Amino acid sequence: MTPKSVLAAVDDDAAPLTHHQLRELYTLMAAVRHLDTSAVAWQRQGIIPGYAPGLGQEAAQVGSGYAVDRTRDFVFPTYREMGVARAMGLDMVGYMATHKATWHGGMYNPLESRFAPIQAVVAGSVLHAVGWAHGQTLAGNAEGDLGVAMTYFGDGASSQGDVHEAMNFAAVMKAPVVFFIQNNGWAISVPTERQVAGGSVAARAAGYGIPSLQVDGNDVVAVFEATRSAFAHCRAGNGPVVIEAMTYRRGPHSTADDPGRYRTLEEERLDAGEDPLERFKQRLLTDGVADEAFFADAQRLAAEEEEAVRAGIADLGPRPGAEMFSLVFQEPTPALQSQATAWREESEHA
Amino acid sequence: MPETITDLRLKDNSTETAAVGVQQASMQQALNRALDEILAENPKAVIFGEDCGRLGGVFRITDGLQAKHGEARVFDTPLAESGILGMSVGLAMAGFHPIPEVQFDGFAYPAINQIVCQIARMNYRSRGTLPMPITLRVPSFGGIRAPEHHGESLEALFAHVPGLKVVSPSTPHDAYHLLKYAATRPDPVIFMEPKSRYWQKGPVDVTNPTPGTAAHVDGGGLTGARVAREGRHLTLIAWGAMVSRCLQVAELAAEDGIDVEVLDLRWLKPIDAEALARSVGKTRRAVVVHEAPLTSGLGAEVAQLITQSCFATLKAPVERVTGFDVPYPSGDLEDEHIPNINRILFGIQRVLEYRRG
Ligand SMILES: Cc1ncc(C[n+]2csc(CCOP(=O)(O)OP(=O)(O)O)c2C)c(N)n1
């Protein structure tokens, strides 16, 4: 699958990725793969109560996240963007805190990381991206220098009305937004063909006059290049872009899911296609970009990182109950303050 | 006496503010002026919604603001309430102070997801790093013989949601000051404008938010309730359009020697529990009046707050005079639904004649 070149030619200067960058992409994917499979194991071991795995989506996530400029762009994730978070350099203990059930939105700082809080209403944050992006236009940043919002959602989420409202708003307002759909073939148990009318999510963009492209979501370089040109397109003031990365969710939707009820292992093996990580490794070997020593090193680094993150989340104690009251408002209400006082007194006597 | 002008209406090309002092203005004019000043004072304030740009809104509350402040500050959006409110979240994250409008109360329903799941929670979810200084203007309540979904009373629904604040002015003066106050707050405020009062004129003192401030509004200022009329025998508690009706009732009751106090609650969240305690502590009888349906309405919350502070001295259970538990009826029947003078007088009578079993 090759991305169609539907975007204005605004990234003529875009150089091919250097060997260093290619190796960096692999290192990130390896770290994400390791952390992701470990997080599933942590759930089984009772270290965290739940997790939404990204197995098979590493190329889509790392490739797109790598294109973000953290000095001026902003990402609006859903609950399955661990790979994007890692590619953007988030504090992964803070990220995993949401799966540890420490704090719903995660414990990282969204303003510093440029990664909005994790939230669970599918498509809920797609409109936020449009608002934030319109803010970049309103702030009067020169065209060519616009901050870009990238919003992640799935094929299932694309059925939500908010996605249609967001695409329409963005197109009318020419907001610098990249709508990044990870089409992983499934919305829990419902396959894309029972979810998306019209054949693809990307096809919808035409109705709003938004340029769109489908990209092989298992090819990290293709995803990166598609995202980079989408960013250039938005940054230059040409309005939004829709990218649909065609990928596959290997394994369950979440650690609470039982995919055996809606597909067989054989179907999963056939439909999943090539493993994006293995595929990239072979390519780097063939092109002489990296050798076995490099891959062994990447694996060792990933394992060390996982150790550190696991230790970090194990150390995360419960949040002080007072935060439950103090973080609702910037200016707490008297009723809330008296509830906090009563809670404190009654829990001290417990 | 300060200079008096009769019309606060903005001229498109005028940047002057009207003369200091008390002026007669409608609530529409007062709100329009408040928005004009908010835009002038806060470069991050933006106003948007359906038809609020060139048309100035279907109620003309944003009249002339686009011409004066430009299309970047005041803009029309596509017709999509979830879009309008969802967009507000992103604008707030980008450092703006969004002042979105939903055209009519009933059309806030399609945006409930964004209001409840996003706007109300983002500060909490982000551990205080992403405040939502959003003032959502909602033309509210009935009384204008409008079609279905144009006369809803959503205050209990909004007030029940953690993370939201709710306010409703009843006079042009309060409309002006409360809107300006709400728009400077760092938390989301649902601003419920009683649309049946848009064209009623009243005095507006733009220089003094609490004219004649007396002890009974201490700490009140703009943050609490307002005693709209002092009385000794009984307190009527109301907000929005019901305040003026309660004042009428108080006049009628006075003819029968009943001295009614009228408390304009203004803030429906947080509710000014101290003002309730103060007023009912004095009169020892209370009737809550609201347009919204009875069951699980805000009247129950008010009654409970009064019970908590005044149980020992209350002479009768707190009464409620409210709309009925019916979908908001069409124009021909809305006078039956909205508490009318008679029904409020009956409520007063029930409280006055109450005898312990
Ligand atoms: C508004 C809403 N409805 C239902 C759910 C429950 N739910 C969580 S994930 C999911 C499927 C989402 O599928 P998709 O958007 O394709 O993303 P994926 O999980 O495959 O990455 C559903 C139904 C939800 N989170 N939000």
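This is a predicted model: local features need pLDDT of at least 70, side-chain atom pairs count only at pLDDT 80 or more; totals for chains, interfaces and linings use all residues.

Tutor: The crossing of α1(A) past α11(A) is left-handed. On the α1(A) side, the contact residues are A:L22, A:L25, A:Y26, A:M29, A:A30 and A:R33, and they meet A:P276, A:L277, A:F280, A:K281 and A:L284 of α11(A). Sorted by class, that contact has 9 nonpolar residues, 2 charged and no polar ones.

A:R33 has another partner too: A:D275 forms a salt bridge with A:R33, with 2.9 Å between the closest N and O atoms. A:D275 lies in the loop between α10 and α11 of chain A while A:R33 is in α1, so the pair ties together parts 242 residues apart in sequence. A:R33 counts as buried at 14% relative accessibility, whereas A:D275 is partly exposed at 22%.

Elsewhere, A:R86 and A:E305 meet in a salt bridge at 2.7 Å, N to O. A:R86 belongs to α3 and A:E305 to α12 of chain A, so this one links parts 219 residues apart in sequence. There's also a bridge between A:E323 and B:R127, at 2.8 Å; that pair crosses between chains, from helix α13 of chain A to the loop between α5 and β5 of chain B. A:E323 is buried, at 11% relative accessible area. Finally, A:D216, A:D219, A:R279, A:R283 and A:D287 are linked in a salt-bridge network, and the count over all chains comes to 40 salt bridges.

Methods: Residues are numbered from 1 along each chain as its sequence is written. Chains are lettered from A and ligands numbered from 1 in the order in which they are written. Side-chain values use heavy atoms; hydrogens and water are left out. A crossing is left-handed if the near helix is turned anticlockwise from the far one by less than a right angle, and right-handed if clockwise. Helices (H or I, at least four residues) and strands (E, at least two) are DSSP runs, numbered from the N terminus. Contact means heavy atoms within 4.5 Å. Ala, Val, Leu, Ile, Met, Phe, Trp, Tyr, Cys and Pro count as nonpolar, Asp, Glu, Lys and Arg as charged, and the others, Gly among them, as polar. A salt bridge is a side-chain nitrogen of Lys or Arg within 4 Å of a carboxyl oxygen of Asp or Glu. Buried means under 20% relative accessible area, exposed over 50%, partly exposed in between (1.4 Å probe, protein chains only).
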